[in-house]
Amino acid sequence: MLDFTQQLISGVALGCVYGLIALGFVLIYKATEVVNFAQGEIMMLGAFMSVTFITTLGLNYWLSFVLCVIAMAILGAIMERLVIRPILGYPQFSIVMATIGLGLVIRALVGIIWGTDDLRIETPFTDGVFTIGKLVIAWDALSIIVATILLCGALYTFFRYTRVGIAMQATSQNMLAAYYMGIPVKRMFSLIWSLSAMVACAAGILLAPITLVHANLGFLGIKAFPAAVLGGFGSIPGAVAGGITIGIVESLSGFYLPEGFKDVAAYIVLLAVLLWKPQGLFGLNAIKKV
Amino acid sequence: MAHHVRTDYGDSEPLFPSKAAAFWYAVLLAGLIAAPYVLESYYLSQLVFIMIYAIVGVALNILSGQAGQVSIGHAAFLAIGAYFTAVSQKYGVPLVLYLPLAGIFTGIAGYLVGLPALRLHGIYLAIATLAFAFIVEEIIARWESVTNGNEGLMLPPPTVFGLKLGTEGFYYLCLLVTVLVILAAINIIRSSTGRSFMAIRDSETAARSMGIDTARYKTTAFALSAGITGIAGALYAHKMSFISPEMFSLSVSIDFVMIIIIGGLVSLRGAVFGAIFMIMADPLLIILKDKVPLWSDALTHGLFLPDTVTQAIQAGVLRVVNAPGLKSLIFGIIIIVFIIYEPMGLDGRWQRVKAYFKQFPLARQRAARPPRMFLKSERR
């Protein structure tokens with residue numbers, strides 16, 4: 001039972017990271033109907049930037065966190081402007097390929113700038129543990145869970161109460177109607193890319209202490225797809241719930257099932273869900289109008 | 001554009017667009033048949049790779065270009081074909097039997113993947129194929145009694161009717177298979193099956209309301225595409241003479257999609273152009289790796305900059321050129337540039353060049369440009 005709980009908690013922590021990456025997918029998908037295959041790489045870029053700020057420049061963790069998130073917001077908007085804006089309205093397949101290309105470019109640039117060695121960062125949570133009875137929870141894991149809850153709250157408030165947030169919601173619900181209401185749709189797209197890059201960056205910095213920072217971190221983004229699909233690809237709470245589900249499945253299958261299942265468990269769950277409920281667990285069953 | 005006057009129903013779907021085209025294809029084929037006597041073995045080997053990639057390109061063209069279904073997991077089909085070949089060769093099945101069987105076996109796998117495709121659209125489908133590819137890769141790595149796991153499998157050289165195929169023999173085998181696959185693909189595309197694929201691509205709802213069994217044709221497209229990729233996998237296994245799971249990773253699937261993006265989605269010619277581009281990119285990059293530092297050296301010396309600046313530039317150039325991820329950087333940029341500036345691919349460019357010379361003094365650049373795409377909110 002203790003093992004089970006222990007695995008469950010590490011699964012939830014990992015799942016929160018998947019959830020945050022999936023959140024980035026969902027934000028962009030909802031508003032622009034583009035699936036951003038570079039989301040994992042954007043997260044990786046965030047993690048590498050935190051290495052520069054914390055280890056190389058020796059800045060305070062919290063200050064670095066804020067600086068990284070701001071820098072990624074700007075980079076996200078630049079990426080949208082350079083890569084996505086010129087091909088808005090193209091077939092989805094082309095746009096997906098463009099984001100895959102963007103991911104390749106980011107990964108290669110990260111390799112050129114930071115090298116291919118494993119890097120690590122020092123955080124206020126490193127090596128701290130929290131014990132309840134025999135249960136041991138690392139502060140790293142706890143920090144991810146708490147930060148995810150805070151971030152979700154912040155996003156909820158943003159979308160519910162701010163003008164920009166409501167405008168973003170309007171854009172994602174009906175682009176044309178939003179445009180008629182005077183919402184600058186294209187600027188909203190840039191803002192949504194910034195927002196999604198910010199979320200991905202936060203996920204990257206939170207993940208950095210658990211897994212080392214290396215050039216293959218971006219592949220975690222591919223693991224976040226099952227999370228997003230599970231959540232229905234259009235629902236923000238769904239993305240986080242899907243992420244946590246995937247995290248728990250992965251963690252438990254790594255512990256109880258034979259070796260090898262850990263890596264594919266997420267995809268098996270994904271295919272099963274797609275066969276059973278093609279719109280995802282939380283998805284809306286919308287019929288497309290012609 | 002010149003008008004074609006059609007006097008017969010067969011005219012609208014000819015095998016070759018004109019007599020001249022048939023003549024030039026015959027010349028190309030004659031050239032390819034003569035190639036082993038003319039070219040060095042290195043170029044011959046590159047040609048074999050181009051043909052294998054072209055077969056995969058044709059397969060993806062049928063699935064994505066004609067039927068409009070996305071797959072970013074085609075490396076899995078290549079792997080299934082390759083492993084099927086390796087295992088059947090081990091048990092002494094003759095090549096004339098296992099080559100088509102590899103296609104059929106992979107086709108069945110493709111049919112099974114196509115089943116979820118019935119209910120999935122666009123991005124969900126892409127992710128499902130991605131998941132399938134990961135699962136196949138993991139199965140191959142773990143099913144050690146058959147696939148020898150991560151150690152990989154060695155393949156003896158292929159034999160046909162007891163005769164060992166040398167480099168040239170294998171080249172002719174690949175050429176034969178490529179020509180047959182391309183002819184088959186052209187015939188599929190100009191048959192009612194191909195037209196149903198296109199109808200599904202352009203609008204699934206419209207296709208269904210015209211009485212096309214969309215479920216049947218989508219799975220057919222998957223099965224055909226997978227089967228052709230399986231045959232390519234069989235050739236690939238023999239070409240490499242060693243296969244292991246990491247040769248069929250996600251990046252290979254992305255390379256395959258690049259073939260059709262760069263070549264152009266709409267025509268089979270595009271698949272061949274894309275294959276040539278993808279295979280030739282590697283040797284070109286190696287040449288560039290040697291030359292670029294020399295060029296930048298000459299350039300910086302020509303500008304009479306201070307020594308420190310020259311050295312800094314030189315160091316930077318060397319660092320970029322020797323970076324491990326250089327290939328993916330350049331490929332990533334190529335994908336983005338092609339999608340933004342050349343959405344019809346190399347084939348689209350070829351068509352435009354041809355049209356320019358055909359209409360020579362009257363050609364106008366504007367007329368050849370693809371129409372601009374608009375967002376819903378941009379339509380006025």
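In this predicted model, helix α3(A) passes helix α8(A) in a right-handed crossing.

## Helix packing in chain A

Two packed helices are described by the angle between their axes and the distance between the axes. For α3(A) and α8(A), the angle is about 140 degrees and the axes are 7 Å apart. Angles over 145 degrees count as roughly antiparallel and those from 65 to 115 as roughly perpendicular, so α3(A) is oblique to α8(A).

Which residues of α3(A) make the contact? They are F65(A), C68(A), V69(A), M72(A), A73(A), L75(A), G76(A), A77(A), M79(A), E80(A) and R81(A). Facing them from α8(A) are F189(A), S190(A), W193(A), S194(A), S196(A), A197(A), M198(A), C201(A), A202(A) and I205(A). Sorted by class, this contact has 15 nonpolar, four polar and two charged residues.

Helix α8(A), which covers residues 185-207, also packs with helix α5(A), residues 139-161. Here the axes come within 10 Å and cross at roughly 165 degrees. Because angles over 145 degrees count as roughly antiparallel, α5(A) is roughly antiparallel to α8(A). The crossing of α5(A) with α8(A) is right-handed. On the α5(A) side, the contact uses S143(A), I144(A), A147(A) and L151(A), while α8(A) brings V199(A), A202(A) and L206(A). Six of these residues are nonpolar, one is polar and none is charged.

## Helix packing in chain B

Chain B has a helix pair to look at too. Helix α8(B), residues 192-202, and helix α10(B), residues 214-240, have axes that come within 10 Å and cross at roughly 105 degrees. Since 65 to 115 degrees counts as roughly perpendicular, α8(B) is roughly perpendicular to α10(B). From α8(B), the residues in the contact are T193(B), S196(B), F197(B) and I200(B). From α10(B), they are T214(B), Y217(B), K218(B), T220(B) and A221(B). By class, the contact of α8(B) with α10(B) has four nonpolar, four polar and one charged.

| Helix pair | Angle between axes | Axis distance |
|---|---|---|
| α3(A) and α8(A) | about 140 degrees | 7 Å |
| α5(A) and α8(A) | roughly 165 degrees | within 10 Å |
| α8(B) and α10(B) | roughly 105 degrees | within 10 Å |

## The two domains of chain B

How is chain B divided into domains? The domain assignment gives domain 1 (28-280) and domain 2 (282-370). The C-alpha centres of these two domains of chain B lie 30 Å apart. In the contact between them, 14 residues of domain 1 of chain B meet 13 residues of domain 2 of chain B. On the domain 1 side, α11 and α12 (268-302) of chain B are the elements that give two or more residues. Helix α12(B) gives the most to that side, with seven residues. The domain 1 side divides into eight nonpolar, five polar and one charged.

## Where the chains meet

Now for the two chains together: 43 residues of chain B are in contact with 41 residues of chain A. On the chain B side, α5 (122-142), α11 (250-263), α13 (307-321) and α14 (326-341) each supply at least two residues. Helix α5(B) gives the most, with twelve residues. By class, the chain B side has 30 nonpolar, eight polar and five charged residues.

## Confidence in the model

The predictor gives the complex an ipTM of 0.82 and a pTM of 0.86. Chain A has a mean pLDDT of 83, with 96% of its residues reaching 70 or more. For chain B the mean is 84, and 93% of its residues reach 70 or more. Among the elements of chain A, helix α3(A), residues 61-84, has the highest mean pLDDT (90). Strand β1(A), residues 129-132, has the lowest (75). Where pLDDT is low, the predicted coordinates should not be read in detail.

Conventions:
Residues are numbered from 1 along each chain as its sequence is written. Chains are lettered from A and ligands numbered from 1 in the order in which they are written. This is a predicted model: local features need pLDDT of at least 70, side-chain atom pairs count only at pLDDT 80 or more; totals for chains, interfaces and linings use all residues. Two residues are in contact if their C-beta atoms, placed from the backbone, lie within 7 Å. Helices (H or I, at least four residues) and strands (E, at least two) are DSSP runs, numbered from the N terminus. Ala, Val, Leu, Ile, Met, Phe, Trp, Tyr, Cys and Pro count as nonpolar, Asp, Glu, Lys and Arg as charged, and the others, Gly among them, as polar. Domain bounds come from an automatic or database domain assignment. Axes are lines fitted to C-alpha atoms, for helices over the stretch in contact, and angles run from 0 to 180 degrees between N-to-C directions. Angles under 35 degrees count as roughly parallel, over 145 as roughly antiparallel, 65 to 115 as roughly perpendicular and the rest as oblique. A crossing is left-handed if the near helix is turned anticlockwise from the far one by less than a right angle, and right-handed if clockwise. pLDDT is the predictor's confidence in each residue, from 0 to 100.
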